[in-house]
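Dear colleague,

I am passing on the structure we spoke about, together with some notes on what turned up when I went through it. Please open it alongside this message and read the two together.

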Amino acid sequence: MKSQALLLLVVVLPALCAGVTGLIPYVRRRGMLAGTLSSLTVLATLVMSLVLLGRANGGEKVIVNVQWMPEAGKTLAEFGLRLDGISAPMLVVVSLVAAMVQIYSLSYLHEEPSESLGRYFTWHSLFVFSMQALVVSTNLMQLFGAWELVGLCSYLLIGYWWAKPSAGKAAVKAFWVNKFGDAAFLIAIILFHAQYKTWDIDALENQVRVTPPGALVVLLLFMGVMSKSAQFPLHVWLPDAMEGPTPVSALLHAATMVAAGVYLLVRFFPVFAANADALTVIMYIGIFTALFAALTATVQTDVKKVLAYSTCSQLGYMVAAVGAGGKLAAYFHLTTHAFFKALLFLAAGSIIHGVHSNELPAMGGLWKKMKLTTVLFGIGVLAIAGIPGFSGFFSKDLVLEQLEHHTVVWVVGLLTAGLTAYYMGKAFVLAFAGEARSDGAAHAHESGLLMTGPMVLLAVLAVVAGFFANPFARLTHLAEPGFHLTTTGILALVLALGGLGAAWLFHGPRAKDPAAVPGFLAPVDALVKAGLVDRFYEWSYRVVMLGLAKIIGWVDRYLVDGVMNLFGWVALEGGAALRVVQTGRAPDYVFAVVVGLVALMAWGYVGG
Amino acid sequence: MHLLTLIVLAPFIAAMVIIALPDRARAATRLVAITGAGVSLAGAIATILQYDLARGGLQMQKVVPLVPSLGISYAVAVDGWSLSLLLLTGIILFAGCWASWTVKDRDRDFYVLLLVLSAGVFGVFVSLDMFVFFLFYEIAVLPMYLLIGIWGSTKKVEIQGPLAPFLKRLDIGGREYAAMKLTLMLLMGSAFILVGILALYMAGGGKTFNMELLRGNMVMSRDTQLWVFPALWVGFGTLAGLFPFHTWSPDGHAAAPTAVSMLHAGVLMKLGAFGVIRVGMVMLPEGAQAWALVVGIVASINVVYGAFSAMSQKDLKYIIAYSSVSHMGVVMLGAATLTVSGWNGAVFQMFAHGIMTGAFFALVGLIYEKSHTRDVASMGGFAKFMPGISVVFTLGCLSSLGLPGTAGFVAEFLVFLGAYKSAHGWWMLPGILGAFITAIYVLKATRQIFWGPFPEGRFEHLEDARGTEWVAISMLAVCLVLFGFWPNLALTGVDKATVEYLSRVVGTSVAAAGPALVP
C-alpha cells in the first residue's frame with residue numbers, strides 16, 4: 001500500500017474504532033468486545049507504523065496537505081500528514097505502548113462494569129487518534145488541535161471513575177492547567193502567523209533562519225510545553241492525574257501524551273533554536289523541574305505518585321537537553337523513557353492489582369508472591385537509574401553529555417541521576433524486599449498472562465532500545481551518531497550506584513524502619529507536605545477568580561441591571577402615583593376641567 | 001416556487017394550518033410544525049447546494065415591488081453569510097420543534113407563535129429591502145412576549161442588599177417580568193434601528209429601501225455616518241446582548257420555555273449581530289471605521305464580563321444565558337476587527353454559538369424535566385442515570401470553551417487571529433481570557449451536575465433522554481463535531497461574502513491583500 005494511505009489509516013482507523021465502540025450501543029455495552037476491537041485496531045496501526053518506520057528509514061518522506069480553513073480565498077490553516085525520520089519512530093512508540101496498555105487493561109479492568117469499559121476503550125481509541133494526528137502534523141496549527149484533543153482524552157480518562165470526587169477534581173484540574181498553558185500556546189500560534197504567514201514546519205524553518213522570532217513568542221509556545229509536559233510550575237496536574245486507572249497513567253501520563261511537549265520541542269527545534277535566550281530559559285526550567293520533581297519523589301509513599309514525579313523529572317531532563325541544543329538526546333530519551341516508564345507503571349499496576357493498595361509502606365515481601373513482576377519492575381528500575389546494559393543508561397548519558405557545557409546545569413543533572421536511582425531503588429526495596437507489612441501484601445498474587453505479556457515485551461524493549469542509539473540518530477537526522485563513554489557517563493554511573501546503595505541502606509530489610517523518611521530528607525518532606533505551589537493555585541482560583549466572579553455577578557444584578565430596573569420602577573411608581581388622580585367619578589373630572597379652563601384663561605389674560 | 005420564499009413561507013403556512021386544526025389534535029399539530037420546519041431546513045440545504053460558490057455574491061435574487069412610490073419591495077437574495085445563517089435557523093427551528101414535544105398547555109398557540117417567529121428570522125436573513133427587513137425583524141422579536149409570558153417558567157431570584165425593597169416590587173425572575181423586560185428593551189433597540197434605517201433611506205434620496213440599490217446612489221457625509229452607525233449598533237446590538245444592554249438576556253432566557261430559549265439565544269441574538277455587520281458596518285463604512293475601537297472595547301467587556309457573570313451563577317439556565325452574552329461578545333469582537341479572519345470568525349461564531357447554545361438549552365430543558373431543579377449545587381452524579389445527556393452536555397461545554405474539533409474552536413480562533421491582526425492587537429487578550437474563564441466555569445458546572453456521588457433519595461425517576469428527546473440534542477451534537485472538523489462546509493461561503501463586504505468597508509479589495517499564505 002502507498003505510504004499516504006497507510007499514514008491516513010494510522011490516524012483514521014482509531015477514530016473509526018472510537019466511533020464504533022462509542023456510538024453503537026451493542027458494542028459499547030459489551031466492554032470486552034469493545035476492548036478487543038480497540039486492541040486489534042491499535043495492533044493494526046502498530047503494524048502499519050512499523051512498515052512506515054521501515055520506509056522512513058529507507059529515506060522516504062511524505063507530505064500531504066488539505067485545506068482546513070480559508071482566508072480571503074486562500075488557505076489559512078491546513079490539515080496534513082507527514083512521514084519523516086522524526087514522525088515515524090513516534091508513531092511506533094505511540095501505537096506500541098497503546099497496544100500493550102490496551103491489552104493489559106482487558107485483564108486489569110475486567111471487574112469493571114461492562115458499560116463503563118466500553119466508554120474506557122472508546123476514550124482510548126480517541127486518544128490514539130488524537131496522538132497520531134499530533135505526531136503526523138505538518139504544521140503548528142494542526143499540532144495544536146491534536147494537542148488539545150489529547151488533553152481532552154486525558155481529562156476523560158482521569159475522570160474515568162467520575163463518581164469519585166477526587167477523580168473529578170483531578171480531571172478538571174488537569175484540564176484547567178492545560179488550558180492555561182494552551183492559551184499561551186494559542187497566542188504564540190497567532191503571533192507566529194502574524195509574523196511569518198505560515199505554520200508549516202518546513203516553511204517556518206526556512207523563515208526563522210532569515211528573521212528569528214522574539215523570545216516572548218518562543219516562550220509563549222514553550223508555556224504550552226510546560227503544561228503538557230508538566231514542567232514547573234505547571235506540573236501540578238500530573239501527580240493528581242494518578243486518580244485515573246493505572247494503565248491510563250502508563251500510556252498518557254508517562255509514555256506518550258506528556259511527552260508530546262518534548263516532541264513539539266524536537267519537531268520545531270529550529271524555531272526554538274532561532275532564539276538563544278529563550279532556549280537558555282527552557283534549559284533552566286527543564287533542569288529545575290528535573291531536580292525539584294526528583295526531590296519530591298523521594299518522600300512520596302504512594303507508588304504511583306513516585307512514578308508521577310519521576311515522569312516529571314525525566315521530562316525535565318528531556319526539556320533541559322533540548323534547551324542545551326541536544327534534540328537527539330531528548331528524543332532518544334523520550335523513546336527509551338516511554339518503554340521503561342510504561343513498564344514501571346504497568347508493573348506498579350500489577351502490584352496494586354495484587355495488593356489492593358497504592359501505599360508503599362503497606363507492601364513489602366512481594367518478591368515471594370510475584371516473582372515475574374519483581375523482575376520486570378526491577379528491569380524498569382535499573383533502566384531509569386541508568387545502569388549499563390539498560391536503555392536508560394545510553395539515553396540519559398546522551399542527555400547529560402549535552403549539559404556538559406553548562407556546569408551548574410550539568411551538576412544538577414548528575415545529582416538528579418543519583419536521586420532518581422535512590423527513589424526508584426527505595427520504591428523497589430519497599431515493595432519487594434523484606435516481610436509483608438499488611439494483609440494485602442501477605443495475600444498478594446501474580447497477575448495473569450494478559451497483564452504480564454505486555455510487560456515482558458516492554459521490558460525487552462527497555463533493555464535493548466539503548467543499543468539503537470546510532471540507527472536512531474541516522475533515522476532522525478538530528479545529530480551525528482556516535483556513542484562513547486565519557487567522564488560524565490562514569491560519574492552518572494557512580495552516583496546511580498550510590499543512590500541504589502542508599503536505598504538499600506535506608507529502606508532495605510535490615511533498616512530499622514524501612515518506610516521512614518531518612519533524616520537528611522526531612523526538610524524536603526516538610527516542604528512537600530506544605531504544598532506551596534498547589535496552595536497558590538488554590539488561592540488564585542478561590543480568592544481571585546471566584547471573588548471576581550462574585551463581584552461582577554453582583555454588579556450585573558444590582559448596578560447594570562439596576563439602572564434598567566430603575567426605569568421600570570419609576571414607570572410603575574409613577575403610574576401608581578398618577579392612579580390617585582384617576583378616581584373614575586364624573587364630578588372630579590368636571591372639577592378638573594373647570595380648574596384647567598380657569599387657569600388657561602388666567603394665563604391668557606396675564607400673558608396676553 | 002422561489003426557494004428563498006419557500007423557506008420563509010413554510011413555517012408561516014404551517015402556523016396557519018395549525019390554527020385551522022381542531023384543538024385536541026395534538027399529534028397533528030406536532031406533525032405540521034415539524035413538517036414546516038423540515039421544509040425550511042431542507043430548503044436551506046437545497047439553497048446551499050444550489051448556490052454557486054465559485055461565483056459568490058448575491059444569488060437567487062427575487063424582487064416584487066410592494067409600494068413603488070416609497071421604494072418598498074419584497075427583495076430577497078442569499079450570499080455566503082446568509083447561507084450559514086439560514087442553515088442555522090433551519091437546524092435550530094427543526095430541533096426546537098422536537099424539543100417542544102412535551103409542551104401540553106395550549107400547545108397549538110405555542111407552535112403557531114414559534115413558527116411565525118421563525119418565519120420572521122428566515123425573512124431577516126434573506127431580505128435586501130430594509131423596510132421588509134425591519135418588518136421581519138419585528139415579527140421575529142414580538143412573539144417572544146407571549147411565548148415567555150404564557151409558557152415561561154417562574155423562578156424567583158433572591159434579592160438582597162440595599163436596593164431590595166425597590167426591586168421586590170418588580171418580581172425579578174418571574175416570567176411576566178422577564179417577558180416585559182425583554183420586549184421593552186428590544187423595542188427600545190428597534191426604535192434606534194428605525195432611526196438608522198430611515199437615515200439610510202433619506203441619504204439615498206428616499207427612492208429605495210433596497211440595500212444593494214442604495215449602495216449605488218447613497219450620499220452620506222462622514223459626520224452623518226458618525227451618528228447613524230451608533231444608532232444601528234446600539235439598536236441591533238441590544239438584541240445581540242451588547243453590554244450594558246444585555247440584562248434582558250439572562251432573565252429572559254432563564255424564564256423562557258426550552259424551544260424559545262433555543263431559538264432566542266440560538267438564532268435571534270444572531271439577528272442583532274447580523275444587523276450590526278450587514279446593515280451597520282457594510283452600509284456605513286466610515287462610521288464603522290470610526291467606531292470600531294469602541295465596538296471592540298465594548299465587545300471585549302462583553303466577553304470577559306459575561307464569562308465572569310456566568311461563573312457567579314448558581315442556576316443552570318442563568319449560566320448558559322450569561323455564556324451567550326460572553327460568546328456574542330466574541331461575534332462583536334470579530335466584527336470590530338474589520339479583518340477577513342475576524343469577520344469569518346464572527347459569522348462562524350454566530351453559527352457555532354447558535355448550534356451550541358441551542359443544544360445547551362435543549363439539554364437544560366431535559367435535565368429540568370427529569371430532575372425538577374435548575375440549581376447546580378443541588379445536583380450531582382447525574383451521569384449515572386443520564387449518560388447520553390452528560391456526553392452531549394460535555395460536548396457543548398467543549399465547544400463553548402473552544403476545543404479544537406468542535407465548531408466553537410474554529411470560530412473563536414479566527415476571531416482571535418483577526419483581533420491580533422486588526423489595528424488593536426491587544427483585543428486578542430480579552431478574547432483568550434474569556435475562553436479560559438469559560439473553561440473554568442463550564443467544566444466546574446459539568447462536574448457538579450454529572451460527576452461525583454449521586455445524592456440518593458433526592459431525585460426520583462431520573463433517566464436518560466428517550467425517543468423523540470434524542471432528536472434535537474443528537475442532531476445538534478453531530479453539527480458541533482462536523483463543523484469543527486470540517487469548517488469549510490460553511491466557511492468557504494462565509495469567506496466569499498466576507499471578502500466582498502469587507503472590501504466595501506475598508507475601501508480597498510481585501511482579496512488580494514498579502515502574499516500567498518501557504519504554498
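In this predicted model, helix α15 (residues 340–371) and helix α20 (residues 488–506) of chain B have axes that come within 9 Å and cross at roughly 130°. Since angles over 145 degrees count as roughly antiparallel and those from 65 to 115 as roughly perpendicular, α15(B) and α20(B) are therefore oblique to each other. The crossing of these two helices, α15(B) and α20(B), is right-handed. On the side of α15(B), the contact is made by B:Val340, B:Trp343, B:Asn344, B:Val347, B:Phe348 and B:Phe351, while α20(B) brings B:Ala490, B:Leu491, B:Val494, B:Asp495, B:Thr498, B:Val499 and B:Leu502. Sorted by class, the residues of this contact between α15(B) and α20(B) are 10 nonpolar, two polar and one charged.

Although B:Gly120 and B:Phe136 are 16 residues apart in sequence, their C-alpha atoms are 4.4 Å apart in space. Once its neighbours within four places in sequence are left aside, B:Gly120 is in contact with B:Phe136, B:Tyr137, B:Ile139 and B:Ala140.

Turning to chain A, its secondary structure comes to 27 helices and two strands, and its C-alpha atoms fill a box of roughly 120 × 60 × 55 Å along the principal axes. Of its 608 residues, 59% count as buried, and among the contacts in chain A with a separation of 6 or more, 81% are between residues 24 or more positions apart.

The largest nonpolar core has 442 residues, and those with the most contacts inside it are A:Ala342, A:Leu343, A:Ala462 and B:Met332. Not counting residues up to four places away in sequence, A:Ala342 touches A:Val97, A:Met100, A:Val101, A:Ala250, A:Leu251, A:Ala254, A:Ala255 and A:Leu458.

Finally, the contact between the two chains takes 51 residues from chain A and 54 residues from chain B. On the chain A side, β1 (62–71), β2 (74–83), α6 (140–158), α7 (165–196) and α26 (532–579) each supply at least two residues, with α26(A) giving the most, at 16 residues. By class, this side of chain A has 29 nonpolar, 12 polar and 10 charged residues.

With best wishes

Key
Residues numbered from 1 in each chain as written. Chains lettered and ligands numbered in written order. Predicted model: local features only at pLDDT ≥ 70, side-chain atom pairs only at ≥ 80, totals over all residues. Contact = placed C-beta atoms within 7 Å. Helix = DSSP H or I, 4+ residues; strand = E, 2+ residues; numbered from the N terminus. Nonpolar A, V, L, I, M, F, W, Y, C, P; charged D, E, K, R; others polar. Core = buried A, V, L, I, M, F, W, Y, C linked by C-beta atoms within 7 Å. Buried ≥ 20, exposed ≤ 12 C-beta atoms within 10 Å, placed from the backbone. Axes fitted to C-alpha atoms, helices over the stretch in contact; angles between N-to-C directions. Parallel < 35°, antiparallel > 145°, perpendicular 65-115°, else oblique. Left-handed = near helix turned anticlockwise from the far one by under 90°.
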